[in-house]
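Welcome! Please take a moment to look over the sequence and the 3D model below, and then we can walk through them together.

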Amino acid sequence: CPAPARVLVVDDVLATGGTAKAACELIEAVGGTVIGCGFVLGLPALGGSRRLEGRATRVLLSVG
């Protein structure tokens with residue numbers, strides 16, 4: 001990442017949170033700053049938001 005990169009992680013579905021967490025860790029490993037995570041659909045029953053605690057997270061539509 002060109003320093004100081006500020007990155008918004010955007011994904012289609014927040015299910016278990018593994019993909020978004022890995023993306024955030026990768027961005028931070030190369031010197032970027034994750035300013036938040038955004039999702040179109042959230043499945044709260046799968047607990048993905050717990051893996052992203054401490055990060056600004058927005059979901060457009062939650063199901064379940």
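## A salt bridge across the chain

E28 is partly exposed, with 35% relative accessible area; here buried means under 20% relative accessible area, exposed over 50%, and partly exposed in between (1.4 Å probe, protein chains only). Its partner is R55: the two form a salt bridge whose closest N and O atoms are 2.8 Å apart. A salt bridge is counted when a side-chain nitrogen of Lys or Arg lies within 4 Å of a carboxyl oxygen of Asp or Glu. Because E28 sits in helix α1 and R55 in the loop between β2 (33–42) and β3 (57–62), this pair ties together parts that are 27 residues apart in sequence. R55 is partly exposed too, at 27% relative accessible area.

One thing to keep in mind as you read is that this is a predicted model, where local features need pLDDT of at least 70, side-chain atom pairs count only at pLDDT 80 or more, and totals for chains, interfaces and linings use all residues. Residues are numbered from 1 along each chain as its sequence is written, and side-chain values use heavy atoms, with hydrogens and water left out.

## A salt bridge within the helix

How many salt bridges does a search of the whole structure find? The search finds two. Besides the pair above, the side chains of E25 and K21 meet in a salt bridge, at 3.9 Å from N to O. These two residues are four apart in helix α1 (residues 18–29), which means that about one helical turn separates them. An α-helix has 3.6 residues a turn, so residues three or four places apart point the same way. E25 counts as partly exposed at 43% relative accessibility, and K21 also counts as partly exposed, at 31%.

## The two sides of α1

Which residues of α1 are buried? They are A20, C24 and I27. Seen down the axis of α1, the buried residues fall within an arc of 65 degrees (taken from the directions from the helix axis to the C-beta atoms), so they line one face of the helix. They pack against β1 (6–14) and β2, where contact means heavy atoms within 4.5 Å. On the face turned away from the buried side, you will find the exposed residues T19, L26 and A29.

The length of α1 fits expectation as well: at 1.5 Å a residue, its 12 residues should span 16 Å, and the end C-alpha atoms are 16 Å apart. That expected span is 1.5 Å times one less than the number of residues. After α1 comes G31, whose phi is positive, near 100 degrees.

## The strands and the whole chain

The chain has one helix and three strands, and from the N terminus on its elements run β-α-β-β. Helices (H or I, at least four residues) and strands (E, at least two) are DSSP runs, numbered from the N terminus. β2 and β3 run parallel and are joined by five bridges; two strands pair if DSSP finds at least two bridges between them. For example, C37 has T57 in β3 as its bridge partner. β3 is hardly covered, as the count of buried residues among its six residues is zero.

Across the 64 residues of the chain, 27% count as buried. The C-alpha atoms fill a box of roughly 40 × 15 × 15 Å, taken along the principal axes. Among contacts with a separation of 6 or more, 59% come from residues 24 or more positions apart.
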